[in-house]
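Trainee: I would like to go through the assignments in this model one by one and hear the grounds for each.

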Amino acid sequence: MIIVSMILVIYGTHKRLMLRSERVFYRALFLTTVMLFLDILTISTVSHIADVPAWLPRILCKAFESVLILCSGTVLIYMMADVLSKEKYRTFNRNLLAVLATEIIVTCTLPLTFSPKGYAEGLAIHAGYGWFVINFSITLAFLARSFNKITRRRRFGIMLWIGLWVVLSLIEMYNPEMTLVSLAVTLGILLMFGLLEKPESKLERQYGCFNYFALMGFLDEMVEEKTPISIISVSLKTTDILTGDNLYQEAKHVLKVLEKNKDMWIFRGVNQDFVCVAKNKETIDKVSEDLEQESKQFPQAACYARITRSYDNTSFTSADEIIQFLNFIRNKDTEQNRIFDASAELMNTFHKRKIIEVELRNALIENRVEVFLQPIYSTKEKRITSCEALARIRKTDGSILMPGDFIPVAEDNGSILELGYKIFEQTCNFIAQHGDLIEYVEVNLSVVQCEDEDLSRRLIEIMEHYKVAPQKFNLEITETASIVTKQKLLKNMERMLEYGVTFSLDDFGKGESNLMYVVDMPISIVKLDFDMSKSYFRNEKAKFVVNAVEQMAHGLNLKLVAEGIETAEELAAMEKQKIDYIQGYYFSKPLPQDQFVEFVQNYNKD
């Protein structure tokens with residue numbers, strides 16, 4: 001009783017989220033307290049059986065047995081709390097309680113006697129031991145069935161709890177004068193408290209709020225139960241000014257402002273942020289107002305804090321997805337607005353992105369990535385001499401997912417490396433079969449690929465595997481602002497150039513094109529961006545720019561490609577401008593490999 005009382009005091013004086021498993025543990029703690037109280041009363045009355053009414057010890061003993069049976073079932077209820085969905089758990093709970101009620105009724109109808117040595121005996125007691133065996137066998141069966149869904153720590157705790165109960169119950173069964181069953185139940189509760197339900201394990205020691213582990217468990221339950229919740233994330237960016245103790249003090253001040261509102265739960269995120277969850281929008285709006293009013297008192301934090309608000313979170317499927325969404329918003333350009341609200345448009349964008357992530361992952365696994373080829377026309381030779389390899393994903397319904405949809409996602413989640421190598425392999429396979437059809441193939445390299453120090457080795461291995469000459473490849477790179485990326489790219493380019501591969505600078509004229517990039521990088525081709533090519537026919541200034549680029553490129557012995565050419569007039573103008581190669585819908589859109597072969601053969605034959 002002292003042990004359970006201590007647990008009750010500790011559990012009752014700490015912050016709790018009261019998640020499903022916590023509620024079941026609290027119920028088990030309550031049942032254990034009742035059981036111990038009944039055990040003490042039973043022993044007291046049996047010890048003085050001559051001085052009390054004959055019915056009292058029987059009622060107390062059977063009440064004690066009934067609560068013990070409920071405690072044995074609570075182990076299984078506790079284990080399944082984190083395994084089953086809300087509805088399945090409710091159904092499971094009702095069915096199990098019905099079984100336990102049947103066990104209790106049967107036990108209470110069986111005869112019970114008391115030994116002269118002061119302990120109970122008879123069929124009711126033997127039935128109780130039998131129910132323990134049955135209930136624990138069922139628990140172990142469900143444990144084996146749900147083995148991978150239960151954390152190792154929880155599995156260990158439950159098995160140890162059952163083990164303690166079984167050992168001490170067996171000792172009492174053969175030595176009835178030793179009342180050890182209550183000790184077994186109490187030790188099991190103590191074990192669960194220390195291993196799994198200790199309140200401190202869900203608290204952030206530095207700040208006193210709930211930690212990230214608690215946040216994920218809380219959000220998962222809210223998502224599963226479809227509970228409408230509103231979230232505000234307050235992040236503090238580490239800077240030269242706001243670091244160390246200064247950052248800690250400012251974070252404490254922010255936390256003090258947040259704690260003024262008692263209608264929400266406050267968690268510490270992974271980064272320098274606090275995540276607050278409420279069940280209504282008004283609470284989150286009030287917190288935002290409080291932060292703004294207090295901003296003058298923590299000016300450093302106010303300068304760097306990003307406040308993200310998300311009101312409708314019922315469409316998410318997991319806590320991970322919610323956190324990803326908050327990070328997705330936070331990564332947007334919010335320099336102009338310190339408070340950023342999750343709009344319906346942003347949420348739709350995020351969910352579409354998640355769908356594309358799944359489609360991309362499955363396409364890589366199921367080999368549904370395809371290479372389409374777009375012809376490139378030589379103005380000098382008046383025929384198709386090369387092509388560009390472009391990635392496509394074939395959906396399960398046969399439709400095509402375009403690179404503009406999945407390439408940015410692949411770059412963000414890191415799958416661009418695997419995707420890039422698959423594209424390169426398919427291109428090598430095409431060249432191995434149709435190498436005489438064209439002079440070379442252009443293949444795009446993403447910025448992420450360029451940062452891979454192993455890039456050149458992997459590409460060379462693939463070319464050697466397919467026995468493809470390196471001269472058949474021209475790798476397209478884009479300008480990067482990162483010095484580190486540029487240095488890694490240069491090392492890869494040097495190895496590839498030595499091997500015989502050439503390079504081109506793609507998207508020239510897009511964004512802030514740096515002419516020094518043309519000077520510094522060992523390229524042989526410059527590709528005019530689609531928009532630059534189009535501007536040539538609409539803007540006189542653009543004509544002067546293209547003319548200057550043409551003179552520069554040819555002065556440096558570089559070839560020039562114009563993308564986006566769609567009419568005969570545009571082709572004639574580019575030929576007059578002395579552009580070396582033409583790419584665009586005037587000749588053909590990107591084609592599947594078999595159609596490309598047929599197109600080139602027919603075009604060059606004519």
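Trainee: Which backbone oxygen does the side chain of Thr74 reach?

Mentor: That of Leu70, at 2.8 Å. A polar contact is a pair of N or O atoms within 3.5 Å; within protein, one must be able to donate a hydrogen and the other to accept it, and residues adjacent in sequence count only if both atoms are side-chain atoms. Before going on: this is a predicted model, in which local features need pLDDT of at least 70 and side-chain atom pairs count only at pLDDT 80 or more, while totals for chains, interfaces and linings use all residues. Residues are numbered from 1 along each chain as its sequence is written, and side-chain values use heavy atoms, with hydrogens and water left out.

Trainee: Why is Thr74 called buried?

Mentor: Its relative accessible area is 6%, and buried means under 20%, exposed over 50%, partly exposed in between (1.4 Å probe, protein chains only). Thr74 therefore counts as buried. The residue is found in helix H3, residues 55-80; helices (H or I, at least four residues) and strands (E, at least two) are DSSP runs, numbered from the N terminus.

Trainee: What makes Phe136 and Trp165 an aromatic pair, and of which kind?

Mentor: Their ring centres are 5.0 Å apart and their planes are at 65°. Rings of Phe, Tyr and Trp (its six-membered ring) pair if their centres lie within 6.5 Å; planes under 30 degrees apart count as stacked, over 60 as edge-to-face and the rest as tilted. The pair is therefore edge-to-face. Phe136 lies in helix H5 (residues 123-145) and Trp165 in helix H6 (residues 152-174), so the pair ties together parts 29 residues apart in sequence.

Trainee: Are these two residues buried or exposed?

Mentor: Phe136 is buried at 4% relative accessibility, and Trp165 is buried at 0%.

Trainee: How do you know that Tyr586 and Phe587 are edge-to-face?

Mentor: The centres are 5.1 Å apart and the planes at 80°, so the pair is edge-to-face. Tyr586 is partly exposed at 34%, whereas Phe587 is buried at 9%. The structure holds 24 aromatic pairs.

Trainee: What makes Arg353 and Asp412 a salt bridge?

Mentor: The closest N and O atoms are 2.3 Å apart, and a salt bridge is a side-chain nitrogen of Lys or Arg within 4 Å of a carboxyl oxygen of Asp or Glu. The pair therefore qualifies. Arg353 is in helix H13 (residues 344-365) and Asp412 in helix H14 (residues 403-413), 59 residues apart. Arg353 counts as buried at 19%, while Asp412 is exposed at 55%.
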